[in-house]
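I opened this notebook to record what I looked up in one structure. The entries follow the order in which I asked my questions.

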Amino acid sequence: MLDDFLHFTLRNETPEQAAGAAPSGVRWRWLGQGMLELTPPHQVDAHMVLSAGVHGDETAPIEILRDLVTDIANGTLPLAVRVLVLFGNAPAMSAGKRYLDDDLNRLFSGAHRELPQSAESPRAAALEHAVAAFFDEAAGARWHLDLHTAIRPSVFERFALLPHRDAAYGEAVFEWLAALDISAVLNHRERSNTFTYFSSSQHNALAATLELGKVMPFGMNDLTRFTKVADGLRLMLAASPLPATGAKPRIFDVVGQLDKHSERFVLVVGSQMANFTAYPKGTLIASDGDYQYAVTHEEERIVFPNPKVKVGLRAGLMVVERG
Ligand SMILES: [Zn+2]
């Protein structure tokens with residue numbers, strides 16, 4: 001199982017024993033499909049949730065986590081923090097799909113209870129339970145990195161989304177993300193139903209969603225393009241300091257969202273633009289009957305435009321660079 005946790009997960013296999021020790025001495029506990037806790041043999045003061053595959057077709061970060069598990073198990077990577085590895089939407093991963101019924105990353109913080117028929121709802125509940133149990137009694141630092149790849153190209157190939165919280169994020173957080181090869185950071189200003197908002201708001205974890213490039217099928221990813229972020233994760237798992245890059249990510253705040261009220265929703269600017277494409281004041285971005293979204297700041301950039309989402313969901317975010 002530990003030598004290829006991805007293959008094991010995709011086949012939906014169950015281990016003969018639910019817990020054990022790897023050749024490296026790291027103790028492991030299997031908590032269900034795609035859910036694995038790894039604990040070093042010695043005392044730790046940091047606890048890290050690493051998730052990928054919350055969108056089941058975002059394969060590159062899933063392959064990165066598979067390799068980390070393999071190397072932790074065989075001792076190549078000396079684990080010095082407690083880690084919970086989660087393949088988020090494992091059933092959709094097996095099916096080669098982004099999701100089966102509903103976008104899993106809109107179902108956390110209990111939102112799954114509103115959609116009891118959805119194939120994703122029990123999965124959201126199971127992930128919430130696993131994270132809650134992991135952080136319960138976890139003394140020390142708490143992190144959650146949720147790794148994604150985007151459907152479309154981006155002006156900034158790798159960027160992070162920080163969930164809303166009352167306390168502002170300090171410079172150290174931005175330096176940390178820069179060390180993980182992130183060149184842009186997007187701050188949410190409202191609560192949401194994402195996985196990282198759940199970990200941040202419910203479990204006081206320093207949580208970030210990382211968008212690491214473009215979606216490709218399993219085995220088609222050029223993992224060398226993800227070397228810096230994978231190396232950064234290895235350093236964090238080994239409790240080693242990240243290299244100081246001197247780089248600073250560009251910081252953006254969400255200032256609006258495009259709401260899909262009906263099937264008449266139209267992205268006036270087209271639907272093929274890259275993430276972070278900029279539009280000047282006055283540009284009509286979207287319309288839906290009487291609803292219109294036009295740029296009101298000097299410049300706004302569009303992120304995650306997707307007119308195909310279900311009615312009632314957001315079809316894109318509008319962001320402004322922090323001056
Ligand atoms: Zn995603």
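The entries below concern a predicted model.

Entry 1: I began with the UniProt record, an unreviewed entry, which places the feature "domain: Succinylglutamate desuccinylase/Aspartoacylase catalytic" at residues 47-232. I then looked at this span in the model and found it to be 33% helix and 21% strand. Its end C-alpha atoms lie 16 Å apart.

Entry 2: Which residues does UniProt list for "binding site"? The unreviewed entry gives H55, E58 and H148. I asked next where they lie relative to one another. They span 94 residues in sequence, yet no two of their C-alpha atoms are more than 7.4 Å apart, so I noted that they gather at one spot. I also checked the largest pocket, and its lining takes in H55, E58 and H148.

**Entry 3: E58.** I located E58 in the loop between β4 (46-52) and α2 (59-74). Is E58 buried or exposed? Its relative accessible area is 2%, and a residue counts as buried under 20%, so E58 is buried. Setting aside neighbours within four places in sequence, I found E58 in contact with R98, H148, T149 and V215. With one of these, H148, the side chain of E58 forms a polar contact of 2.9 Å.

**Entry 4: H148.** I turned to the partner in that contact. H148 belongs to strand β6, which covers residues 141-150. Its relative accessibility is 1%, and I recorded H148 as buried. Beyond its neighbours within four places in sequence, H148 is in contact with V54, H55, E58, P61, N105, T209, L210, E211 and L212.

**Entry 5: D288.** D288 is found in strand β13, residues 284-288. Which side chain of opposite charge is nearest to D288? I found that R264 is nearest, at 4.3 Å. A salt bridge requires a side-chain nitrogen of Lys or Arg within 4 Å of a carboxyl oxygen of Asp or Glu, and D288, although buried, has no salt bridge. I did find a polar contact of 2.6 Å between the side chains of D288 and S262. Not counting residues up to four places away in sequence, D288 touches D259, K260, H261, S262, R264 and F265.

Note on methods. Residues are numbered from 1 along each chain as its sequence is written. This is a predicted model: local features need pLDDT of at least 70, side-chain atom pairs count only at pLDDT 80 or more; totals for chains, interfaces and linings use all residues. Side-chain values use heavy atoms; hydrogens and water are left out. UniProt positions are given in the numbering used here, feature names are shortened, and annotations may be inferred rather than shown by experiment. On a 1 Å grid over the protein atoms alone, a cavity is a set of points where a 1.4 Å probe fits but cannot get out, and a pocket is an open set with protein on both sides within 12 Å along at least five of seven lines; lining residues have an atom within 4 Å of a point. Helices (H or I, at least four residues) and strands (E, at least two) are DSSP runs, numbered from the N terminus. Buried means under 20% relative accessible area, exposed over 50%, partly exposed in between (1.4 Å probe, protein chains only). Contact means heavy atoms within 4.5 Å. A polar contact is a pair of N or O atoms within 3.5 Å; within protein, one must be able to donate a hydrogen and the other to accept it, and residues adjacent in sequence count only if both atoms are side-chain atoms. Lys and Arg count as positive and Asp and Glu as negative; His and the chain ends are not counted.
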